[in-house]
Amino acid sequence: MRVPTIVSGAVMPDACPSGMQEGTIPVGGAVACKDAIHPGFHSADICCSVAMTLFKRGDDPKAVLDAMQAVTHFGPGGRKDMLQLPREFAAAFDNPFLKGLENMALGHFGSQGDGNHFAYVGRLASTGQVALVTHHGSRGFGAQLYKRGMAVARKHTAIHAPKVPGHNAWIKASSADGEAYWSALQWVRRWTKASHFALHDLVAKRIGNAVADRFWNEHNFVFQRSDGLFYHGKGATPSWAGFSEDDDGRTLIPLNMAEPILIVSHRDRKDALGFAPHGAGRNMGRKAFLRDNAPKIPAGIDARFYCGVPDLSELPAAYKNAASVRAQIEKYRLADVSDVIEPYGCIMAGDWEQEAPWRNREAKAKR
């Protein structure tokens, strides 16, 4: 909060630490900045987001989850069976921050990565319709933009505020670099939205069902509000009308694979900078959790791991109490819950590193 560009900040109920650097925005943090875009405040996983598609006819949720498992890709790298990138993105690579990233944008399109990213299938509580929700960001495409943005930010900050740590560096928004970076962020946002719904469309085609409704929202991004300030959310869901050009008044807050996903409407709580939580947040780091716990896959949930090996650090016990987070959303009037998606099952990447080629090579060398 002592970084000179920051006007105000807030911490969400699902906040958890972000790395070991001193003076770093936490996951679940939000800041409003004057004439500044901080790449570190939206993180390398630019536009990490959630998207929902509601299907028209009644369907077996297992069939939807099976279809999703057949068409998606989790784990490192991009897809082998690459999807077609919409033609509109040809213009994106004229941007200096995105130049030369065509292959990354194509290869990672329609892929979901690892960690806490997921594909979740459940039923809308109000109607019983089957819903598909995906959670992923801009993958390597956005990570490269972040890397390039941080380099420009550090160069600028070293000149104008040399005592500010590099991870808090910023790009002057009104500069030529700032305008180009802002434009690049919008391209990455459009790419991520298209990536989500490309997967959803493949599922709809595979199960032979029509789309009844869909919407999405990001929770790692930068938004400019009418006051001219740049609002950075790192694991924080925007909760004000018109936060984006495609905002329809609804956002999604997932909690964990065994809990309902909340469909919420905006409250624009001023002392929360207009944000709400993006999920339940971790209780502790992955290694610490596994050292102190022996988690089990929750009963009654069709939990699947794309690589075949469960990632025990992503099970519900690793996260904050979902009921408590929901109660704080209501207590502090951060958003209004209008409906929920009751869980059937979930696909996550799993612990792909256990069978990673580099790990197998190390084990073989030790033998």
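Mentor: Angles under 35 degrees count as roughly parallel, over 145 as roughly antiparallel, 65 to 115 as roughly perpendicular, and the rest as oblique. This is a predicted model, in which local features need pLDDT of at least 70 and side-chain atom pairs count only at pLDDT 80 or more, while totals for chains, interfaces and linings use all residues. Residues are numbered from 1 along each chain as its sequence is written, and side-chain values use heavy atoms, with hydrogens and water left out.

Trainee: At what angle do the axes of helix 4 and helix 5 cross?

Mentor: Axes are lines fitted to C-alpha atoms, for helices over the stretch in contact, and angles run from 0 to 180 degrees between N-to-C directions; helices are DSSP runs of H or I with at least four residues, strands runs of E with at least two, numbered from the N terminus. Here the axes of helix 4 (residues 139-160) and helix 5 (residues 176-207) cross at roughly 170° and come within 10 Å, and the two helices are therefore roughly antiparallel to each other.

Trainee: How many salt bridges does the structure hold?

Mentor: A salt bridge is a side-chain nitrogen of Lys or Arg within 4 Å of a carboxyl oxygen of Asp or Glu, and the structure holds 19. One of them joins arginine 189 to aspartate 246, with the closest N and O atoms 2.8 Å apart; arginine 189 lies in helix 5, and aspartate 246 in the loop between strand 11 (236-238) and strand 12 (250-253), 57 residues apart.

Trainee: Is arginine 189 buried or exposed?

Mentor: Buried means under 20% relative accessible area, exposed over 50%, and partly exposed in between (1.4 Å probe, protein chains only). Arginine 189, at 6%, is buried, whereas aspartate 246, at 25%, is partly exposed.
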